[in-house]
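Me: I'm new to this one and would like a close look at a single chain. Could you walk me through how its strands are put together, and then what it sits next to?

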Amino acid sequence: MATGFFTDTTLCIGCKACEVACKQWNELPSDGFSFTGDSYDNTVELSGTTWRHVAFVEQIAATPDGVEDRWLMSSDVCKHCENAGCLEACPTGAIIRNEFGSVYIQPDVCNGCGYCVVSCPFGVVDLIDSLGGTAKYSTANLQESRLDASKTALAHTGGVAGKCTLCYDRQTLGMVPACAKACPTDSIQFGDVATLRERAKERVTTLHARGETSAQLYGADDIGGGIGTLNAFFLLKDRPSVYNLPERPVLPSTRQPDGYAAAAVIAVGLAIAGWAIFRSA
Amino acid sequence: MNDEKPLLKAPHWGANVTTYLFLGGIMGGLGLIQLLCDPRDESMRKLRRTTRIASFLLAAVNPPILISHLGRPERFLHMMRIVKLKSPMSVGVWGLVLYSGAAGANMVRELAQSGVLPSWMRHFAPHALTFAQAVLGAFTAGYTGVLLSATAVPLWAAGKRHIPAASISSGAASACALASLLSVIEGNHEACVKTERLEMVASAVEFAILMDFRRVSGDYGKPMFEGPRAEKFRTVTLIGGIAVPIALNLLGQILPLPKPVDAARTVVASVLTLLGGYVLRETFIESGKASAAVRQTAISQPT
Ligand code: SF4
Ligand code: SF4
């Protein structure tokens, strides 16, 4: 049974409780204290140390009758793809699919080559800078708990890749991931993916009946490009690009056969030319 | 605001990866040249020896460069715990390991035959390894292109055929340039004539591929062919690294230049080709970073 997230953005109020709960549970260091200055979204993007990001889409336009605004909020996260670019690219086998069907980076195996970073079609995973002497991670508190340190992000001090683990450690104890637990509106729902999908489809039907005709699912069904379905999928109120999600994501490894074939053609061509040149008197 | 937010993550790679791609291309190209040399011919035997030694030396310096880019260099060996055909980074590392083995064995045979090492050591390398080094060389020169194009970076993805093809032809051209340079130093002018001829072919192929990439890549190609990077790429790679060396090499083939002048011509042409090869890789990496920041091409990714 695969577990995942159904993020229903129509319910999100932009409180960022998920971001905070994730940081807290996973003991992820702060990203610094900075303001974008033109948005309530100061997190800006997912990163190696930010595994939930509440994206704010503030559409504010001046009209003859005053100001018209629309606020869209969406808690973004790793999609835990059915065919995951990061997992396929990883040369160390650090990235695995665990028993919950989640895409998981083993922090003690990763060597920080950075290949997963460029292989995620959604721009999710990133390298965590070396935390060096100022390491905020500590495994001390884990030793007294029932948690397995190898299943958390804490088993390293940086220099490796980081992204949402779908709270692997909590799941092994039968607990709900921290973000879903903290979400006050049930915008983030956790559970068996098949069940979540059914629920999401019903929700879309209800919304359409209420006149919200632009409501659509992202990743509940095959998203195309060879990626398949997403274990963490979304209900959006507008086109995916409005939320900074790709409209046409592509699984990078699908390009390999063409690449190797092109290289082989040139190699053989040059070898023949070389033979003619070198073996002529 | 949302319109400017990044969608993709930019590569973390810098000068060490650029250097690795560049040297890996030369190393692979030398693997091909050593196969082409007919050992019955004195000048070719010398060239084979030179290319084998050079390719082994490159195979020895490449791993440290590759390791230097890792976030956790001490975990380099984690790449050797699996073989993963779907990951160009994984197969590439294995290709590099096998190439080093073949190149090392061939070098030992070369040194044994010329009396530097005890003559029984020539049995270290069966003749099949000559061919193996060429095939593995073609792989190591080409896979780096596949490694780039099998990512989500829109520019690289759009070059799924062009970047691997350009990588291997540029690798061959640079290898020829290095071989010409070393031959001139050794005074092996007969060999130099041949390596320069092959260099012209490889460079011309590379030029055609890059021009075609520019034509078909549209918006995806803009970070490479337009804007601040494009100028350096045009001057150092397209003109300085391809057009000028081809012209110089052509000159050398048709004009009976006095020996010292001809040697100087070879040195200039070779250095220019090598510089152009480096800047090609640098352009790939740096404009890949710029490409990852372009939201529109990340929303609709190349197939
Ligand atoms: S969204 Fe990106 S990081 Fe997450 S599983 Fe898919 S490819 Fe990997
Ligand atoms: S950075 Fe780590 S997880 Fe990512 S591809 Fe490299 S070894 Fe795998």
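Reply: Let's start with a word you'll need: two strands count as paired when DSSP finds at least two bridges between them. Keep in mind, too, that this is a predicted model.

With that in hand, take β2 (residues 52-63) and β3 (residues 66-77) of chain A. They run antiparallel and are joined by 12 bridges. To pick out one of the bridges, find A:H53 and look across to its partner in β3(A), A:D76. The turn between β2(A) and β3(A) is a hairpin of two residues.

Now move on to another piece of chain A, an open sheet. Its four strands come in the order β8-β1-β10-β9, and the pairing is mixed. The edges belong to β8 (188-192) and β9 (216-218) of chain A; each has a single partner strand, so one side of each has no neighbour in the sheet. On average, neighbouring strands here are turned by 20° against each other, leaving direction aside. One pair to look for is A:Q216 with A:L236, its bridge partner in β10(A).

There's a helix on this sheet as well. Helix α7 (residues 193-209) of chain A packs on it and touches β1 (3-8), β8, β9 and β10 of chain A, with a direction at about 135° to that of β8(A).

Side chains of opposite charge can pair when their charged atoms come close. Here A:D8 makes a salt bridge with A:R203, and their closest N and O atoms are 2.8 Å apart. Over all chains, the structure has 23 salt bridges.

What about the neighbours? Five salt bridges run between chain A and chain B. A:D258 and B:K160 form a salt bridge whose closest N and O atoms are 3.0 Å apart. In contact are 74 residues of chain A and 74 of chain B. About 5800 Å² is buried between the two chains, 58% of it from carbon and sulfur atoms. On chain A's side, A:Y115, A:R255 and A:F278 lose the most area to chain B, together 14% of what that side buries.

Last come two ligands. Ligand 1 has 13 residues around it, with A:C78, A:K79, A:C81, A:C86 and A:C120 nearest; by class, nine are nonpolar, two polar and two charged. Ligand 2 is surrounded by 13 residues, the closest being A:C90, A:T92, A:C110, A:C113 and A:C116. The shell of ligand 2 has nine nonpolar and four polar residues, with no charged ones.

Definitions and conventions: Residues numbered from 1 in each chain as written. Chains lettered and ligands numbered in written order. Predicted model: local features only at pLDDT ≥ 70, side-chain atom pairs only at ≥ 80, totals over all residues. Heavy atoms only, no water. Near = heavy atom within 4 Å. Nonpolar A, V, L, I, M, F, W, Y, C, P; charged D, E, K, R; others polar. Axes fitted to C-alpha atoms, helices over the stretch in contact; angles between N-to-C directions. Contact = heavy atoms within 4.5 Å. Buried area = accessible area lost by both parts, 1.4 Å probe. Salt bridge = Lys/Arg side-chain N within 4 Å of Asp/Glu carboxyl O.
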